[in-house]
Amino acid sequence: MMRVLSPLAFCLTLALTLPASAQVPPPVMDQVVLDLTAEDWVGTETARVTVSADAAASGADAGTQRSDLLKAISGLTPGADWKIVSFDRSTDQAGLERWRAVAEARLAETALGGLADKAKQASRPGLQLRIGSIEFTPTLGETEAVRARLRAEIYGKAASELDALERSFPGRKFRMGNIDFADQPPMAYARKTREDMQPMAMAAAPGQDGPVNVSEKLVVRARVVLSALAPRE
């Protein structure tokens with residue numbers, strides 16, 4: 001009587017009946033591991049500026065206080081895209097409604113001159129504006145653009161290493177087996193905020209202390225593995 005084997009049983013039976021010399025060993029990979037680094041500076045032409053506004057009103061005046069507060073912030077630098085990042089409303093023991101807002105915008109260096117004086121001039125009884133901080137730190141978009149360029153530089157270095165490896169070992173077909181990136185946080189230099197300046201630095205004349213343009217060094221590291229099948233002996 002003929003016995004029919006399943007495909008799996010047939011393979012197992014064939015493997016067991018083949019002599020050890022006829023069994024194919026698993027492939028062996030030759031590997032070259034590289035640690036590559038690329039770095040560049042991330043600069044910016046704009047400053048991150050925060051301004052705080054405090055207002056108090058009673059009775060009918062409270063209805064227009066919010067719009068007046070936002071209008072006063074926008075009037076500091078016409079055309080700037082101010083974003084409200086914090087807004088609180090409360091009532092004090094005297095029955096006055098108090099409003100506090102913190103706004104943020106990216107401003108060009110040319111718009112920073114006299115900003116503290118503008119905030120002082122825009123203030124009045126019941127509404128006070130103050131410049132919070134000024135930081136010349138790159139935006140996320142500026143940082144990511146440099147990061148992408150550095151990664152492309154890493155790819156180019158890896159391709160050059162692969163080409164040199166194939167020239168050194170003719171006939172071996174190496175390939176880029178793996179790339180692991182390890183990005184370091186940007187390192188800031190010459191950072192200076194309003195808290196570090198003289199009290200009237202924002203209204204300072206040329207030659208006096210003021211906000212300093214900041215560049216950040218971005219370092220991208222990568223471990224690259226170049227691999228090829230080892231020749232059979």
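A: Let's begin inside one helix. R167 and D163 are four residues apart in helix α4, so about one helical turn separates them. The two form a salt bridge, and their closest N and O atoms are 2.1 Å apart in this predicted model. R167 has 58% relative accessibility and counts as exposed, while D163, at 38%, counts as partly exposed. In general, side chains of opposite charge can pair when their charged atoms come close.

Helix α4 also takes part in a second pair. D40 forms a salt bridge with R149, with 2.6 Å between the closest N and O atoms. Here D40 lies in strand β1 (residues 29–42) and R149 in helix α4 (residues 140–168), so the pair ties together parts that are 109 residues apart in sequence. Both partners count as partly exposed: D40 has a relative accessibility of 26%, and R149 has 43%.

D35 and R223 form a salt bridge whose closest N and O atoms are 2.8 Å apart. D35 counts as exposed at 54% relative accessibility, and R223 counts as partly exposed at 45%.

Next comes a network: salt bridges link R48, E104 and E135.

Four strands form an open sheet, in the order β3-β4-β2-β5, with antiparallel pairing. At its edges stand β3 (83–91) and β5 (127–135), each with a single partner strand, so one side of each has no neighbour in the sheet. From one strand to the next, the twist averages 15°. Strand β2 (residues 46–57) pairs with β5 over eight bridges, and D54 has Q128 in β5 as its bridge partner. Helix α3 (residues 115–122) packs on this sheet and touches β2, β4 (97–108) and β5.

The protein chain has four helices and eight strands. Of its 233 residues, 29% count as buried. Among contacts between residues at least 6 apart in sequence, 80% join residues at least 24 apart.

Terms used:
Residues are numbered from 1 along each chain as its sequence is written. This is a predicted model: local features need pLDDT of at least 70, side-chain atom pairs count only at pLDDT 80 or more; totals for chains, interfaces and linings use all residues. Side-chain values use heavy atoms; hydrogens and water are left out. Two strands pair if DSSP finds at least two bridges between them. Helices (H or I, at least four residues) and strands (E, at least two) are DSSP runs, numbered from the N terminus. Axes are lines fitted to C-alpha atoms, for helices over the stretch in contact, and angles run from 0 to 180 degrees between N-to-C directions. Contact means heavy atoms within 4.5 Å. Buried means under 20% relative accessible area, exposed over 50%, partly exposed in between (1.4 Å probe, protein chains only). A salt bridge is a side-chain nitrogen of Lys or Arg within 4 Å of a carboxyl oxygen of Asp or Glu.
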